[in-house]
2 protein chains.
Amino acid sequence: MPFRIGDKWAGMVLTCLRDGPRRFSELRVPMHRVSAKVLAETLRALERDGMVTRSEYDEVPPRVEYAITPLGRSLFPAMDACRRWADDHLGELLAAREAYAERGA
Amino acid sequence: MPFRIGDKWAGMVLTCLRDGPRRFSELRVPMHRVSAKVLAETLRALERDGMVTRSEYDEVPPRVEYAITPLGRSLFPAMDACRRWADDHLGELLAAREAYAERGA
DNA sequence: GGCCACGGTAACCGCAACGTAACCGGGGTG
DNA sequence: CACCCCGGTTACGTTGCGGTTACCGTGGCC
């Protein structure tokens, strides 16, 4: 596709924010395979594109909350369609890949 | 997203095959910004994943036709949902990006 | 003999994405 | 004083996607 919306982890971030705002460290729990750096980069990009908002609270220890915007939410139908495709057809794809590997061998 | 289906040009290839089989050189016309190498790689990957078939005809000059499979066709609803999102919301995204750049400046 | 069409491959390269590890500041806590 | 929490940043290294250019084999045509 000619346009890429977000990076590798953007979809997962938006999904994590689906049910309400989350703090940086709360996002890291379900996404434990993402380093702080990459998560921060992803959040910056999503903020830049108007998909999430970043709210800083002057407390101690510091608190930062990320929330999804209506624009971010508008992506869910498309994301759900992709997920549904994967649920329905990923097995076929992997089978085709395996058959192809066997023919090659 | 954790899974990537195809590469940068896969969606465009499938769209080009929507209305029937096409030869390699026929695909290059609407996709003139894609080099032969990258198009070939894309087609190999789609073939490996069972999204297109490759039919070689023993003629001269050689003829090779690529056709979309039912599995490839099954991707269209999800792709259409993404396209619809872009049609409806890409302007918002770009506006948000511009507003962000101005705040930064 | 030279050139063309077709459908590629091979060699090389740059850059962005991704990842790891170390560090930071400021206030609270023992 | 030392150490922890939170939310990052900086420096650095690696991988791989996508791109460019050059080249290939077969057979037909002039």
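In this predicted model, 19 residues surround DNA strand D, and the closest are Ser25(A), Val64(A), Asp7(B), Lys8(B) and Ser35(B); a residue is taken to be near a strand if its C-beta atom, placed from the backbone, lies within 6 Å of it. Residues are numbered from 1 along each chain as its sequence is written, while chains are lettered from A and ligands numbered from 1 in the order in which they are written. Because the model is predicted, local features need pLDDT of at least 70 and side-chain atom pairs count only at pLDDT 80 or more, whereas totals for chains, interfaces and linings use all residues.

Both protein chains contribute to the surface near DNA strand D. At least two residues each come from α2 (24-28), α3 (36-48) and β3 (63-68) of chain A and from α3 (36-48) of chain B. Helices (H or I, at least four residues) and strands (E, at least two) are DSSP runs, numbered from the N terminus. The most is given by α3(A), with three residues. By class, this surface has 11 nonpolar, two polar and six charged residues, where Ala, Val, Leu, Ile, Met, Phe, Trp, Tyr, Cys and Pro count as nonpolar, Asp, Glu, Lys and Arg as charged, and the others, Gly among them, as polar.

Helix α3 of chain B also holds Ala36(B). Ala36(B) counts as exposed because it has 10 C-beta neighbours inside 10 Å; the label exposed applies at 12 or fewer other C-beta atoms within 10 Å, buried at 20 or more, and partly exposed in between, with C-beta atoms placed from the backbone. From Ala36(B) to Phe24(B) the C-alpha to C-alpha distance is 8.8 Å, with the two 12 residues apart in sequence.

Turning to the protein pair, the contact takes 22 residues from chain A and 22 residues from chain B, two residues being in contact if their C-beta atoms, placed from the backbone, lie within 7 Å. On the side of chain A that touches chain B, α1 (10-16) and α5 (76-104) of chain A give two or more residues. Here α5(A) gives the most, with 12 residues. This side has 14 nonpolar, four polar and four charged residues.
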